[in-house]
Amino acid sequence: MEGMIKGMTVVERVGAAEDYAGLTRLFAGLGFEPGKGWKDAQGEGSAWLAPLGNLELVMGREPAAPRILVETTELEAVHGVVKRWVEERQQQIAFGNDNKGTGLVVSEIEATHWNSRLFRLKGGELEVGFWQAENPLHGAVAATEGGLNAEGMKFAVITTRWNTVITDRLLQGALDCLRRSGAEMKDIEVVRVPGAWEIPNAARTIAERPSSDQRKVDAIVTLGCLLRGETAHYEAIYTEVARGIGQSQQETGVPHAFGVLTCETLEQALDRAGLKAGNKGFEAASAAIEMVSVSRKLKGQTADSSAALRNDNKVTEAGGA
């Protein structure tokens, strides 16, 4: 039966021809899309199309809103347009230029009991309500999003020995985020490599661990710092590091959070490592948690409650224990 309903139309009678003509101009000015109208010897009709429409049924009490409701995104602006139009109509009636108009009136904006604000346009048999929801997420498209609960998740955090004045701050921020979010230290593996160039190799090695390996992780957080020098070496290193991390993520399916700083100066790097512009290590860890969560939802999985046994705060040094 799906797909059989194409649309819905509300038909409302307007008493006076002058009001009818004025309303068509008003709806056109408000941005309604004109639809297919009709005209014969007995009357005429004009259609005005909105992007969305729905039918609401009420039982047990009289509806608290007009039969015709127009949802807006900028209620004050719409109210101003309608109010100016009504004032012009009233002046035409007052000066005798329009003897047949019903004299439409517009109310002030008022709060409703259904968490919104509304004003009414009334005239004769016609009443139209213009409203806006107070909830900013009202009408938002439903989306699958990840959570920030890291309980039961396993992570690897790869950091570098090069520029440790920066990377140690990033590591501290990442660990702080993971622990605050529910991850246990025994489920966080910290790996140190010489520099940023070596991060993709370590990330790929960790990501390719088989599911049977108790050290298998749910996500990898990559941390590093590249400072621009006087040669093109900086661009070459950064391009390959970014490409390698991205390729590892795409080919293994394990989320990789990118926390490698690329800065012009040491001062900029310090700012991004927790001094002035937040801690990018914390932000990368947060992204890793969210990606694990959203990946599980997309795959229809639930959080794995089993945890691998590892030493607390285990650190693996490249080239030695």
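Buried means under 20% relative accessible area, exposed over 50% and partly exposed in between, with a 1.4 Å probe and protein chains only. The model is predicted: local features need pLDDT of at least 70, side-chain atom pairs count only at pLDDT 80 or more, and totals for chains, interfaces and linings use all residues. Residues are numbered from 1 along each chain as its sequence is written, and side-chain values use heavy atoms, leaving out hydrogens and water.

**View 1. Strand S11 is mostly covered.** S11 spans residues 188-193, and six of its six residues are buried. Strands are DSSP runs (E, at least two residues), numbered from the N terminus. In a regular strand the side chains alternate between the two faces of the sheet. Ile188, Val190 and Arg192 point one way from S11; Glu189, Val191 and Val193 point the other way.

**View 2. S10 and S11 pair in the parallel sense.** Pairing requires at least two DSSP bridges between two strands. Thr160 has Val193 of S11 as its bridge partner.

**View 3. Helix H1 meets helix H2.** Helices are DSSP runs (H or I, at least four residues). The axes of H1 (residues 17-30) and H2 (residues 75-94) come within 11 Å and cross at roughly 155°. H1 is therefore roughly antiparallel to H2 (angle over 145 degrees). Axes are lines fitted to C-alpha atoms over the stretch in contact, and angles run from 0 to 180 degrees between N-to-C directions.

**View 4. His79 lies in helix H2.** His79 counts as buried because its relative accessibility is 7%. Beyond neighbours within four places in sequence, His79 contacts Val106, Ser107, Glu108, Ile109 and Phe119 (heavy atoms within 4.5 Å).

How values were computed:
Parallel < 35°, antiparallel > 145°, perpendicular 65-115°, else oblique.
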